[in-house]
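I opened this entry to record what I looked up in one structure. The notes below follow the order in which I checked things.

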Amino acid sequence: MVTLSHDHTKLVTTNMGSGTVTIAERGAAQMWTATAVPVGSGPEGFDLTPDGKEIWAATYGDGKMAIVDVATKKLKQTFATNTRRAADGGLSVRGREPWR
C-alpha cells in the first residue's frame, strides 16, 4: 500500500520486513529522496492525518500503533492497541482529529 500526500509532494509506505515507514519526498528537478523511519515490528496498515503532519501505522508484530512526525521523519509516539492482528485493509485517520 502506498499513499500520496494531499499536496502531491510525499509518498508513504510501510515495510513489514524492516519494521519501517518510508517517506519519499519530491524535491528540486522532480527528484525523489526517501527516508526509512523505524516504527516497530511488522508495520502494515497506515494513513496520513488530514493535515499531513503525522503518519499513523499499525505494527501487528508488537500490537502497537506508531505515530511518525512527517516534518522531522522521526517516531513521535507508540501506544498499545492490544491486538496482534494485521491491519492489511488499511487504517483511517481521516476525521477532523485522529483518536488518541
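I started with β6 and β7, which run antiparallel and are joined by six bridges. The model is predicted, so I kept its limits in view: local features need pLDDT of at least 70, side-chain atom pairs count only at pLDDT 80 or more, and totals for chains, interfaces and linings use all residues. Residues are numbered from 1 along each chain as its sequence is written, and side-chain values use heavy atoms, with hydrogens and water left out. A strand here is a DSSP run of E with at least two residues, a helix a run of H or I with at least four, both numbered from the N terminus. Two strands pair if DSSP finds at least two bridges between them. I looked up A58 and found its bridge partner in β7 to be M65.

Next, the loop between β6 and β7, where I found G63. G63 counts as buried at 6% relative accessibility; buried means under 20% relative accessible area, exposed over 50%, and partly exposed in between, with a 1.4 Å probe and protein chains only. I also noted the C-alpha to C-alpha distance from G63 to P43, 9.7 Å, with the two 20 residues apart in sequence.

Sheets. β5-β6-β7-β8 is the order of an open sheet of four strands with antiparallel pairing. β5 and β8 each have a single partner strand, so one side of each is left without a neighbour in the sheet. The twist from one strand to the next averages 25 degrees; axes are lines fitted to C-alpha atoms, for helices over the stretch in contact, and angles between N-to-C directions run from 0 to 180 degrees.

Another open sheet, also noted as antiparallel, has four strands in the order β1-β2-β3-β4. Its edge strands, β1 (2-4) and β4 (32-38), pair on one side only. Neighbouring strands in this sheet are turned by 20 degrees against each other on average, direction ignored. I counted seven bridges between the antiparallel strands β3 and β4, and R26 stands opposite W32 in β4. In total the protein has eight strands and zero helices.

How many aromatic pairs are there? Rings of Phe, Tyr and Trp (its six-membered ring) pair if their centres lie within 6.5 Å; planes under 30 degrees apart count as stacked, over 60 as edge-to-face and the rest as tilted. I got one pair by this rule. W56 is in strand β6 (residues 54-59) and F79 in strand β8 (residues 74-80), so the pair ties together parts 23 residues apart in sequence. W56 is buried at 2% relative accessible area, and F79 is buried at 17%.

Cores last. A nonpolar core is a set of buried Ala, Val, Leu, Ile, Met, Phe, Trp, Tyr and Cys residues joined through side-chain atoms within 4.5 Å. The largest has 12 residues, among them V12, V37, F46 and V70. β3 (20-26), β5 (43-48), β6 and β7 (64-69) each give two or more residues to this core. A second, separate core of five residues includes A58, M65, I67 and F79. Over the whole protein of 100 residues, 36% count as buried.
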